[in-house]
Each structure stands twice: as C-alpha cells, then as structure tokens.
Amino acid sequence: MKLFFHKITNWEYWPFQVLYVPIYFLWAYYAIRARSIFFFNASNPKIKNGGFMMESKKQIYDLLPEKCYPKTILIKENTDFKTIADKVLEREIYFPLIAKPDIGLRGSGVKKIKTISELKDYAQKANFDFLLQDLIPFKNEVGIFYVRHPLEKYGKITGIVSKEFLIVTGDGKSTIENLIKQTPRFQLQFNVLKEEYGDQLDLILPRGETINLVPFGNHARGAKFLDGSHWVTPKLTKMINKLAAQIPEFYFGRFDIMYNTFEELEQGENFQIVELNGAASEPTHIYDPKHSVWFAWKELARHITYMYEISVENHKTGVPYLDHKVGMREYRLHLAQNNKIMNF
C-alpha cells in the first residue's frame with residue numbers, strides 16, 4: 001500500500017495513458033488542421049514513421065556517423081545461436097554487452113548480458129528482432145532534445161535531462177535486497193531485479209562499495225531523471241547542431257548520450273549515442289520530481305507544437321503524411337510489438 005500511494009502521489013509514475021489525457025485534445029486539434037492523424041510522419045522524413053512507431057533502431061543507427069555510437073549488430077528473430085555467436089566474434093563485441101529489441105518500448109527488453117549462457121538464454125526467449133551492442137564505457141548520461149525548423153540552418157536544444165542510475169551503496173551489514181527496499185523508486189523495480197539477479201541480492205555489500213543494478217538511464221527501470229536544461233551552452237548547442245547536420249533530414253527528437261565529462265561533451269569528444277529518438281520522443285526533463293504535472297503538460301504541448309510545425313513545413317515541400325489506412329496498420333503492428341516486448 002505504501003508503494004501504491006507513492007505512485008499515486010508522484011505523477012511521474014502515472015500511466016502514460018493518464019498523463020497524456022490533456023495532450024490528446026491538442027493532438028486532435030493539430031490533426032484536424034493537418035487533415036491527418038498521422039502528420040508526424042513528415043517530421044523526420046528519413047526515419048520510418050518519423051520515429052513515432054515501428055521504427056528500427058538499427059536503421060536509425062545507420063543514419064548516424066559510425067564513430068558516434070557503439071558497435072552494433074542486428075539479430076533477426078529465430079536466428080540460430082551459432083550464427084549469433086559468429087557475428088559477435090566477427091564484430092569484436094565483448095562481454096558484458098547490451099541486448100535490446102530493435103523496435104523497442106521505453107527500455108523494456110533491454111538487458112546487460114555478462115556471459116555466453118545469458119546471451120543464449122536471451123536469444124532463445126526473444127520473439128522479436130534484437131540488437132547486440134558494446135557496453136558504452138562512459139559513466140554519465142543525458143538526454144538532449146533537439147528541434148530545427150526546416151527553413152532554418154541551425155536548430156536549438158529545448159531541454160536536457162540528466163540521469164541517476166539505479167545504484168545502491170553498501171553499509172557493511174545490509175543485503176542488496178534490503179538496500180533496494182530502502183528507496184521507493186528502487187523498490188518499484190524489485191520484482192524485475194529479483195528475476196534478473198536472483199540470489200545475488202542476498203549478498204552484503206561492504207561499506208562504501210557501490211553496484212549499478214541497471215546500467216542504462218531508463219525512467220521505467222528505476223533511473224531518476226533530473227532537469228539539466230540550465231546546462232545548455234553555446235558550445236553544446238554548436239556541437240549538437242554539427243552532429244544533427246550529419247543526419248539526413250533530422251529535425252525533431254532526442255539524443256540519449258553517454259559521456260565522460262561535460263566539458264568534453266561540449267567539444268564533441270568522449271561520448272557515444274545510446275539512441276536517437278524521433279517523433280515519439282518525450283522531453284524527459286519533465287520527469288524531474290521537482291516539477292509539477294502542470295509543467296509537464298506545458299512542455300509536452302510545446303514540443304508537440306514544434307513537431308506539428310515541422311511536419312507541416314516539410315509537407316509543403318512534398319513530404320507526405322502517412323496514409324490513414326497504412327497508419328492504422330502500423331499502429332496495430334506497434335501494439336502487437338509492444339505486447340511482445342512487455343511479455344518478454
């Protein structure tokens with residue numbers, strides 16, 4: 001009951017469908033103006049469906065400069081394990097590595113793979129195409145939201161989120177399980193962590209020793225999101241503009257980036273892109289616990305307005321909106337894909 005009331009009284013845990021209720025009305029207004037529910041298709045013309053649904057992460061990686069993201073291989077569903085192992089060896093991807101669905105859903109199905117047996121187990125259970133990636137060596141992560149109007153040469157950063165991972169620190173007497181249960185945010189992840197770590201959660205961490213139980217900054221997996229929008233600087237904006245300019249017809253989305261130091265990130269050094277998200281991107285700085293739900297709705301409305309304006313401008317130059325029949329088919333596929341991953 002304590003956790004239930006924690007979720008109810010902290011809006012950041014509200015279900016997506018509840019949080020977005022006011023935004024649906026704004027979406028309907030823009031859909032009427034555009035004469036298409038699926039106007040988002042024109043926001044990023046080179047990304048399938050603008051990056052709103054059923055977009056392949058691997059295809060998006062292929063649009064990026066290769067040096068800017070970890071070594072990645074695509075594994076098709078039902079690929080035999082010998083072929084998978086051969087591809088991993090050929091690409092020189094070493095353990096621990098990251099496995100995740102090629103068409104994903106808010107961090108579901110993402111797992112750190114430490115051994116060959118864990119990789120085999122993941123491959124046998126996966127009923128979807130998935131990616132295998134090098135583990136990014138940098139310790140810090142941010143999400144940088146970028147917007148550029150098609151008629152403008154340079155874009156702008158409209159929000160930054162920094163991420164605190166699900167890290168517990170030992171006190172020399174408590175088990176990892178007990179440490180998890182000391183923080184409501186972490187305790188909400190307990191069942192998933194128990195399934196992943198099993199008896200390891202019974203270990204007692206020495207005083208001062210830390211363990212990162214979820215080494216990727218996903219809100220749904222226990223990461224704490226903090227608004228870092230005050231970090232926007234001319235240097236960082238210049239770097240992101242330079243990076244975005246190398247991505248064909250990219251106008252709207254969020255760079256999730258791991259980096260060493262902020263100063264190096266501003267210089268475009270020692271960073272890698274975890275993912276580039278398109279039209280479905282959220283301005284995730286809204287999930288900072290200090291913000292009210294009113295702030296969140298205002299920011300969501302602001303960013304959907306950007307997406308609408310970009311889509312309309314691209315449509316004027318010949319970029320089509322998604323045909324309604326095709327869009328409904330893609331949406332049904334999207335729901336089916338989500339069910340697969342959620343039940344993984």
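**Exercise 1.** Work out how far apart the centres of domain 1 and domain 3 sit, and what their contact looks like.

*Solution.* Start with the centres: taken over C-alpha atoms, those of domain 1 and domain 3 are 31 Å apart. This is a predicted model, where local features need pLDDT of at least 70, side-chain atom pairs count only at pLDDT 80 or more, and totals for chains, interfaces and linings use all residues. Residues are numbered from 1 along each chain as its sequence is written, and side-chain values use heavy atoms, with hydrogens and water left out.

Next, the bounds, which come from an automatic or database domain assignment: domain 1 is 11-69 + 137-165 + 215-315 + 324-343, and domain 3 is 166-214. Their contact (heavy atoms within 4.5 Å) takes 13 residues from domain 1 and 11 residues from domain 3.

Now the buried area, meaning the accessible area (1.4 Å probe) the two parts lose on being put together, summed over both. The pair buries about 980 Å², with 47% of that on carbon and sulfur atoms. On the domain 1 side, Tyr13, Phe165 and Arg221 lose the most area, together 56% of what that side buries.

**Exercise 2.** Describe residues 13-32.

*Solution.* Check the record: an unreviewed UniProt entry annotates residues 13-32 as "transmembrane region". UniProt positions follow the numbering used here, feature names are shortened, and annotations may be inferred rather than shown by experiment. Then turn to the model: the end C-alpha atoms of the span lie 31 Å apart, and the span is 80% helix and 0% strand (DSSP runs numbered from the N terminus: helices are H or I, at least four residues; strands are E, at least two).
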